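Have the sequence and the 3D view open while you read.

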Amino acid sequence: MRGLLSTGMERLDDVLGGGIREGLNVALIGSFDDDNLLLMHQMACNILRSGHHVLLAEFRQAPNVLKEWLSHYGIRYEDYIENGRLKILDGFTNLYSSQPVRGEGIIPNPRDLGITVGIIRDELASGNYEVLVIDDLTILYALQSDKDAYTRVIIRFVNSIKELGGQVFAGINSEVTEKEDLAKLLLPFEYVIEVANGQIKPLRSYYSPRIPAGRIPYRKTEKGLEDLRESYYSLQDLKNSLHLDEEGNLWRGSERVQIIGEESEASLVEFAYHYLGPEGGKKFLYLWGRYEFRGMGRAYKNMYDSLKTALEDLASSTEISGGGRLEIVKLEDDLIVLRGRNLFPRMREFKHPAHINYAGEIAQLLEEYTGEKWEGDETRCQAMGHSYCEFVFRKKVS
């Protein structure tokens, strides 16, 4: 059995069952932000680091422009080109040049698919390259008058590379490609990974994933695309992720946020109890927490094999974001107890549980993670004069 190639993103590797199987083709689909192509080049760089030889067919831009673009994200190909482990074929220059440009590594007529695929196959064989990276298939697709003929050629071409013992990584812009043509282009790819709207989602994996496939939120940094969850393990990481645009929007990665003061949050809690009464206010805040955490349990299930690890990550995220401290006191099949201190918002001499929304949030997470019904309650609260907040979760008996 062939080995596994790391994507460079630990959680994506986990979803794919440890990485991408050598010899199987990979399509990365995305949009005009080119995030799918950036991830593809991150994968290519990891493949080069592992000792493999890579042939890169570049149709989107001139090779020097590509290298400059990638350098902004910490990806540098120069050393691999010098030691012969990477070669870039320039399929861009003669796409638009009024006069044919000749030279080493320049494809003479990229729009002639027969010549182009022949040159690429010859280079793969003569250079003993194991991996072909195509950046990207959409460029040639957009310039073809006969789209059906193009898709047929590409399907045969990609399959032929696998027959030769090679492997293809290709980028595709789904916004440009017609839906029916996109479906055809994806036929020869065992892995299909969508990179769009700040999320990475494996749409097809040849082998059963180690954990259920799901969306992996990411942010774009000077190191390329990073798993959003792995990015916030310190206050400095959180600060680095914040960006204020010219329209007054504050972004944390790809998510719009606003800084909320403690008084504002406390006013909401007070308002709920004042206008709805003790029971109504408590129910409102509890259900608000449940509503806010919709989908979180499924996301944690995709990330972690154990509930304990998921809850520990939740506690870490709460602390890093300034929400206070949570710790696990008891973790049993049908009973879970968590303890909190300095939870947001801090309130004093309050008559009611001030953090019952935390109970709703975590109960929602538990239900989605375990697939069973849970109920939560805040049985102690620092706002009411206790030394800590206590949350008790019990599995419902059907």
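1. A word on terms before the overall picture: accessible areas here come from the Shrake-Rupley method with a 1.4 Å probe. On that basis the chain exposes about 19900 Å², and carbon and sulfur atoms supply 48% of that area. Keep in mind throughout that this is a predicted model.

2. The chain has 398 residues, and 49% of them are buried. Its secondary structure comes to 15 helices and 18 strands, and the C-alpha trace spans about 80 × 50 × 40 Å along its principal axes. Take the contacts with a separation of 6 or more: 63% of them are between residues 24 or more positions apart.

3. Next, have a look at the open sheet of four strands, whose order is β15-β16-β18-β17, with antiparallel pairing. Its edges are β15 (325-331) and β17 (374-380), each of which pairs on one side only. On average, neighbouring strands in this sheet are turned by 20° against each other, direction ignored.

4. How many bridges join β17 to β18? There are six, and the two strands run antiparallel, with β18 covering residues 389-395. As a reminder, strands of a sheet pair through backbone hydrogen bonds.

5. Helix α14 (residues 307-320) packs on it, touching β15 and β16 (335-341), and its direction makes about 160° with that of β15. Helix α15 (residues 356-370) lies across β16, β17 and β18, running at about 150° to β17.

6. Is G171 buried or exposed? This glycine, found in strand β7 (residues 167-173), has 0% relative accessibility, so G171 counts as buried. Leaving aside neighbours within four places in sequence, G171 is in contact with L28, N36, L37, M40, I134, D136, L137 and T138.

7. For something on the outside, go to the nonpolar surface patch formed by L268, F271, Y275, L276 and F284, which together have about 530 Å² of accessible area. One of these residues, L276, lies in helix α12 (residues 262-292). L276 counts as partly exposed because its relative accessibility is 48%, and that class lies between the 20% and 50% cut-offs.

Notes
Residues are numbered from 1 along each chain as its sequence is written. This is a predicted model: local features need pLDDT of at least 70, side-chain atom pairs count only at pLDDT 80 or more; totals for chains, interfaces and linings use all residues. Side-chain values use heavy atoms; hydrogens and water are left out. Two strands pair if DSSP finds at least two bridges between them. Axes are lines fitted to C-alpha atoms, for helices over the stretch in contact, and angles run from 0 to 180 degrees between N-to-C directions. Contact means heavy atoms within 4.5 Å. Patches are made of residues with over 30% relative accessible area and no salt bridge: like charges are joined within 9 Å, nonpolar side chains (Val, Leu, Ile, Met, Phe, Trp, Tyr) within 5 Å. A salt bridge is a side-chain nitrogen of Lys or Arg within 4 Å of a carboxyl oxygen of Asp or Glu. Buried means under 20% relative accessible area, exposed over 50%, partly exposed in between (1.4 Å probe, protein chains only).
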